[in-house]
Amino acid sequence: MSRRASHRREFLRFLAGSPFVASAMAQESPVLSPIASPKDALNVMDFEPLARKALPPAHWGYLSTGVDDDLTLHMNREAMAHYQLRARRLVNVAKVDLKTEVFGATWDMPIYVSAVGSQKEFHPEGELATARAAKAQKAMQMLSTVTSTGVEQVAQALGRPPWYQLYMPTSWTETEKMVKRVEAAGCTVLVWTIDVLAGRHTDTATRWARMDTRDCSSCHVSHPITGSRVALNHSKPMFAGLSGDVNPAGADWSYVDRLKKMTKMKLLIKGIDTGEDAKLACEHGADGVVVSNHGGRAAETGRGTMDILPEVVESVAGQIPVFVDGGFRRGTDVLKALAIGARGVGIGRPYIWGLSAFGQEGVERVLELMRIELALIMRQCGVPSIDQITRASILHNGARM
């Protein structure tokens, strides 16, 4: 064999093993993805092209897009690169403990399944498959108000009540009925989502829905530009006996006071994007906040949640726990958030990719991969337990925080 032929063969072997080439091939033609089983996945992004292949256009558009030009959606990922980790050596990391305490309960890891609505759009077993996967991986599940399975059935599959994410009904009477039902189901944490009270412009998702050959008018909600509006929530199980209208635009901080008086559940405010609002949440008695921009699906602020997290953590000054979601794909992302001061990190799209492709087993593998990666980077940074993670492990654009 000539030297030139030998070099060519070596170069082709290098290309065949390149993750960049594999990623490009998956984006260009998802059918070529070599993932035949959840166990074949090497990271959570392996599930994305499989989900795209499995889902009809309207459902993929709902899952994958943001608002306006999708800038905030992409900034959630880009913001992760604004922070770097400081690796430490010769620390005994033979044992790694991912356990953390949240509201008196011990979590097996600080990664939780965040609320995503209408999961039967992605797999016939929907939230029940997610609940069984969360149970198997000992992860906390946050259940959406627009769940396609009632909270009582999800709690049974999960083996304990989930956290309940609240889209507040526009009627206060209906809000009381929903909250009392959730409390009766044993839920201990209520998570009020406030980042879509003002409405949103989901034009990219609307374009995807228009490419769908099915009749999508019965399940896809209103659009502020086209003027179309569909009252779809009344058919969801958590709206039994209710109108289905949610997100009162007139809500203000007094609603937090009213919710606190209504229930004994811990109350978290989800959709906090500034230090000022985090401070107000503390002043009105919230038990915690979730830094979130709805996965880039609320407002086109152009700010990733990782860049928002420091000011929120500093504003609450340890008075209440801070959680975060939006763009988390790697264990390194999770460690960065924990180092800044987050108590827990929520994932959304990754586990829905797994659900879409493989059902319960896909969700389990996504959680397993995130756990493995987090444990690995904790070892590399010399922090073998969650309580040892501090800002000493992180840099912001190369500078100490």
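**Exercise 1. State what share of the protein chain is buried, and describe its overall make-up.**

Solution. In this predicted model, 53% of the 401 residues of the protein chain count as buried. The chain contains 15 helices and 13 strands. Turning to contacts with a separation of 6 or more, residues 24 or more positions apart account for 71% of them.

**Exercise 2. Determine the strand order of the eight-stranded sheet and identify its edge strands.**

Solution. Step one concerns the order. The eight strands form an open sheet, arranged β4-β11-β10-β9-β8-β7-β6-β5, and the pairing is parallel. Step two concerns the edges. β4 and β5 are the edge strands, each pairing on one side only.

Step three examines individual pairs. β4 is joined to β11 (residues 344-347) in the parallel sense over three bridges, and Val-113 has Ile-347 in β11 as its bridge partner. Strand β9 (residues 288-291) runs parallel to β10, with three bridges joining them; here Val-289 stands opposite Val-322 of β10.

**Exercise 3. Characterise the packing of helix α6 (residues 126-136) against helix α7 (residues 151-158).**

Solution. Begin with the geometry. The axes of α6 and α7 come within 8 Å and cross at roughly 30 degrees. Angles under 35 degrees count as roughly parallel, and α6 and α7 are therefore roughly parallel to each other. The crossing of α6 with α7 is right-handed.

Next, list the residues that meet. From α6 these are Glu-127, Leu-128, Ala-131, Arg-132, Ala-134 and Lys-135; from α7 they are Gln-153, Val-154, Ala-157 and Leu-158. By class, the residues of this contact comprise six nonpolar, one polar and three charged.

Finally, consider the surroundings of α6. Its buried residues are Gly-126, Glu-127, Ala-129, Thr-130, Ala-131, Ala-133 and Ala-134. The buried residues of α6 pack against α7, but also against the strands β4 (111-113) and β5 (142-143) and the helices α14 (349-358) and α15 (360-380). After α6 comes Lys-138, which has a positive phi near 55 degrees.

**Exercise 4. Describe the three-stranded sheet and the helix that lies across two of its strands.**

Solution. The order in this open sheet is β1-β12-β13, with antiparallel pairing. β1 (83-85) and β13 (399-400) stand at the edges with a single partner strand each, so one side of each has no neighbour in the sheet. Two bridges join β12 (residues 394-396) to β13, and Leu-395 stands opposite Arg-400 in β13. Helix α13 (residues 331-340) lies across β1 and β12, and its direction makes an angle of about 100 degrees with β1.

Conventions:
Residues are numbered from 1 along each chain as its sequence is written. This is a predicted model: local features need pLDDT of at least 70, side-chain atom pairs count only at pLDDT 80 or more; totals for chains, interfaces and linings use all residues. Side-chain values use heavy atoms; hydrogens and water are left out. Axes are lines fitted to C-alpha atoms, for helices over the stretch in contact, and angles run from 0 to 180 degrees between N-to-C directions. Helices (H or I, at least four residues) and strands (E, at least two) are DSSP runs, numbered from the N terminus. Angles under 35 degrees count as roughly parallel, over 145 as roughly antiparallel, 65 to 115 as roughly perpendicular and the rest as oblique. A crossing is left-handed if the near helix is turned anticlockwise from the far one by less than a right angle, and right-handed if clockwise. Contact means heavy atoms within 4.5 Å. Ala, Val, Leu, Ile, Met, Phe, Trp, Tyr, Cys and Pro count as nonpolar, Asp, Glu, Lys and Arg as charged, and the others, Gly among them, as polar. Two strands pair if DSSP finds at least two bridges between them. Buried means under 20% relative accessible area, exposed over 50%, partly exposed in between (1.4 Å probe, protein chains only).
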